[in-house]
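Please read them with the coordinates open.

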Amino acid sequence: MSDFDVRSYTVAMAEMLGIHLEPDEIDPVADQIERVGQLVSRLPRQVDDALTVAPRFRP
Amino acid sequence: MTVPDGTVGVLEIATKVRGGQVSALDIAQAALDRVDSAQARLNAFTTVTTERALTAAADIDRRVAAGEPVGALAGVPFAVKDLFDLKGEVTIAGSTVLAARPPADRDAAAVERLTRADAVPIGATTMDEFAFGFTTENTHYGAARNPHDVQRTPGGSSGGSAAAVAGGLVPLALGTDTNGSVRVPAAFCGLFGLKPTYGRLDRRGAQLFSDSLDHVGAFTRSARDLGAWYSVADAGSSDAQPIDVGQLRVARLGGWFEDNAGEAALDALTSVADTLGADRTPAMLPLAEAAHAAASVITYAEAGELHLDRIRNERAQFDPVVRHRLVAAALLPADWYLRAQRLRQVWVDQLDELFADYDVLLAPATPFPAPIIGTDTVEINGRDLPARPAVGWLTQPLTPTGVPIGVAPMLSAESPLPMGVQVIAKANNERIVLAVLTALEDLGVTTCVVASAQADQNRNESS
């Protein structure tokens with residue numbers, strides 16, 4: 001997440017999607033995105049390297 | 001003709017109604033009375049379908065009296081999580097946003113399966129808004145409560161359904177499981193639960209949460225009742241060959257699944273593992289922590305996309321607990337979602353490798369027993385865990401694989417609060433899961449009791 005200004009991203013991305021955030025919404029939403037980003041950091045890089053095809057799923 | 005009380009299960013009711021030993025109308029009225037009298041204590045229901053239930057039950061009695069055929073679940077009262085369409089009712093999914101929608105013009109597919117078998121819908125149950133939670137704490141409609149101790153959560157997001165079955169209001173209820181929303185409430189309420197293989201059960205008429213993870217499931221108080229539901233719910237299922245449970249190769253999952261489990265969870269797991277003759281050495285899934293992360297990211301991204309229009313225009317009506325999560329969900333970079341989905345396939349392959357050596361895998365369903373409603377942190381193995389998300393840490397990694405998972409309910413002499421053990425089989429092997437649950441029930445290893453108001457009162461007075 002260090003290469004990523006979450007608050008700026010939140011404001012810009014919301015605007016682009018037509019979500020007009022109130023000032024008091026920005027920080028809680030950015031916090032949530034930050035939390036999900038911390039989870040993404042647990043996804044091992046080698047998986048991306050090993051599987052470059054489009055996502056597929058079979059149970 | 002004595003009307004069975006709330007402790008009687010699916011198969012016994014159906015047998016007695018079909019045999020004319022008891023009236024379906026009396027059964028339905030008794031269930032409606034129980035729902036009414038327990039609502040203030042459990043808050044399990046958001047809609048009660050009194051007229052429909054009584055009409056359907058009277059028609060069953062008429063056909064029985066006339067010697068006409070009736071279905072396999074004749075007269076069995078059931079409830080549905082309030083995200084399954086019930087014809088003539090508004091499906092609200094725990095929200096107020098959806099309350100303005102018109103009533104459903106037909107039943108959801110999972111409901112139709114039951115009503116075709118002459119089960120009787122009693123109503124719809126309390127849930128987390130849009131299924132986004134593990135505790136059924138709902139700002140709009142109040143928290144559902146655990147019949148074993150009404151100060152505690154029944155789990156979520158199918159918490160109202162689980163409370164309805166555990167409290168003896170109905171013997172069968174439908175739920176959905178995206179990250180554990182059947183398995184967690186089954187464990188916290190001491191019920192048998194089943195999440196069949198992803199894609200086996202038709203989700204038409206169900207309000208989705210995360211498309212690639214959502215499963216239809218159910219709760220009962222006995223393994224055979226669960227099997228009776230599944231045989232009706234999945235017309236493609238086969239029980240032609242009996243399963244010899246003693247011949248199954250069984251392992252308990254180690255690593256993530258033990259490191260994040262408390263003492264009560266591990267005790268329950270050990271009891272089941274020893275009974276089934278599981279390998280002494282735990283089976284390892286090194287990607288479990290990553291799979292937990294992937295399931296979370298996928299859930300967020302898919303939920304955000306699903307609700308995007310409402311997030312733009314109606315989010316002021318959302319439950320405050322859910323609102324910021326859903327807005328954030330809509331904003332996630334596509335890169336994150338794709339990385340999670342790629343991990344998912346590698347994870348499925350890793351689990352498949354284990355199934356080359358084992359028929360059944362076991363893991364605790366939750367790290368700890370049901371917490372007090374409103375609890376923020378729970379200490380496990382010397383660490384303070386965030387209570388609400390941690391509830392799903394042991395179910396969530398397994399959902400992206402889509403495999404069938406049942407829950408064996410466990411009660412110990414040391415604690416009045418139930419725990420659950422996940423019984424996991426390879427895709428499309430529901431009959432193995434059901435056979436194991438049935439064997440555990442027959443051996444007396446699993447325990448499932450109706451939690452009465454009196455027992456709950458006694459417990460709270462003595463604590």
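**Notes on the chain B and chain A interface and on contacts within chain B**

1. Chain B and chain A bury about 3400 Å² between them, and 68% of that area lies on carbon and sulfur atoms. Please keep in mind throughout that this is a predicted model. The contact draws on 41 residues from chain B and 35 residues from chain A.

2. Across the same interface the rule finds 6 residue pairs in polar contact, both residues of each pair being at pLDDT 80 or more.

3. As for the elements involved, the side of chain B that touches chain A receives at least two residues from each of α10 (288-306), α11 (308-313), α12 (320-330) and α13 (334-355) of chain B. The largest share, 13 residues, comes from α13(B). By residue class, this side of chain B divides into 23 nonpolar, 8 polar and 10 charged residues.

4. Turning to salt bridges in general, the structure holds 23 of them over all chains. In one of them the side chains of D118(B) and R63(B) meet at 2.7 Å, N to O. D118(B) lies in the loop between α4 (109-116) and β3 (120-125) of chain B, whereas R63(B) belongs to helix α3 (residues 50-66) of chain B, so the pair ties together parts that are 55 residues apart in sequence. D118(B) is buried, with a relative accessible area of 10%, and R63(B), at 15% relative accessibility, also counts as buried, because the cut-off for that class is under 20%.

5. A salt bridge that spans a separation of 110 residues is the one between D359(B) and R249(B), whose side chains meet at 3.1 Å, N to O. Here D359(B) sits in the loop between α13 and β8 (360-364) of chain B and R249(B) in the loop between α7 (223-233) and β7 (250-252) of chain B, so the pair ties these parts together. R249(B) counts as partly exposed, at 37% relative accessibility.

6. D376(B) forms a salt bridge with R388(B), the closest N and O atoms being 2.9 Å apart. Since D376(B) is placed in the loop between β8 and β9 (377-380) of chain B and R388(B) in helix α14 (residues 387-390) of chain B, the pair ties together parts that are 12 residues apart in sequence. D376(B) counts as exposed, at 51% relative accessibility, while R388(B) is partly exposed, with a relative accessible area of 28%. Elsewhere in chain B, salt bridges that share partners join D59(B), R62(B), R63(B), E68(B) and D118(B) into one network.

7. Which aromatic pairs deserve a look? The structure holds 5 aromatic pairs over all chains, and one of them, formed by F130(B) and F318(B), is edge-to-face, with 5.5 Å from centre to centre and 75 degrees between the planes. This pair links distant parts of the chain, with F130(B) in the loop between β3 and α5 (159-166) of chain B and F318(B) in the loop between α11 and α12 of chain B, 188 residues apart. F130(B) is buried, with a relative accessible area of 2%, and F318(B) counts as buried at 1% relative accessibility.

8. The rings of F132(B) and Y300(B) have their centres 5.3 Å apart and their planes at 80 degrees, so this pair is edge-to-face. F132(B) lies in the loop between β3 and α5 of chain B and Y300(B) in helix α10 of chain B, so the pair ties together parts that are 168 residues apart in sequence. F132(B) is buried, with a relative accessible area of 8%, and Y300(B) counts as buried at 13% relative accessibility. Ring pairs link F132(B), F209(B) and Y300(B) into a cluster.

9. A last point concerns T399(B), which lies in the loop between α14 and β11 (405-412) of chain B. Is T399(B) buried or exposed? T399(B) is buried, with a relative accessible area of 0%. Leaving aside its neighbours within four places in sequence, T399(B) is in contact with D177(B), T178(B), N179(B), G180(B), R183(B), L213(B) and H215(B).

Note on methods
Residues are numbered from 1 along each chain as its sequence is written. Chains are lettered from A and ligands numbered from 1 in the order in which they are written. This is a predicted model: local features need pLDDT of at least 70, side-chain atom pairs count only at pLDDT 80 or more; totals for chains, interfaces and linings use all residues. Side-chain values use heavy atoms; hydrogens and water are left out. Contact means heavy atoms within 4.5 Å. Buried area is the accessible area (1.4 Å probe) that two parts lose on being put together, summed over both. A polar contact is a pair of N or O atoms within 3.5 Å; within protein, one must be able to donate a hydrogen and the other to accept it, and residues adjacent in sequence count only if both atoms are side-chain atoms. Helices (H or I, at least four residues) and strands (E, at least two) are DSSP runs, numbered from the N terminus. Ala, Val, Leu, Ile, Met, Phe, Trp, Tyr, Cys and Pro count as nonpolar, Asp, Glu, Lys and Arg as charged, and the others, Gly among them, as polar. A salt bridge is a side-chain nitrogen of Lys or Arg within 4 Å of a carboxyl oxygen of Asp or Glu. Buried means under 20% relative accessible area, exposed over 50%, partly exposed in between (1.4 Å probe, protein chains only). Rings of Phe, Tyr and Trp (its six-membered ring) pair if their centres lie within 6.5 Å; planes under 30 degrees apart count as stacked, over 60 as edge-to-face and the rest as tilted.
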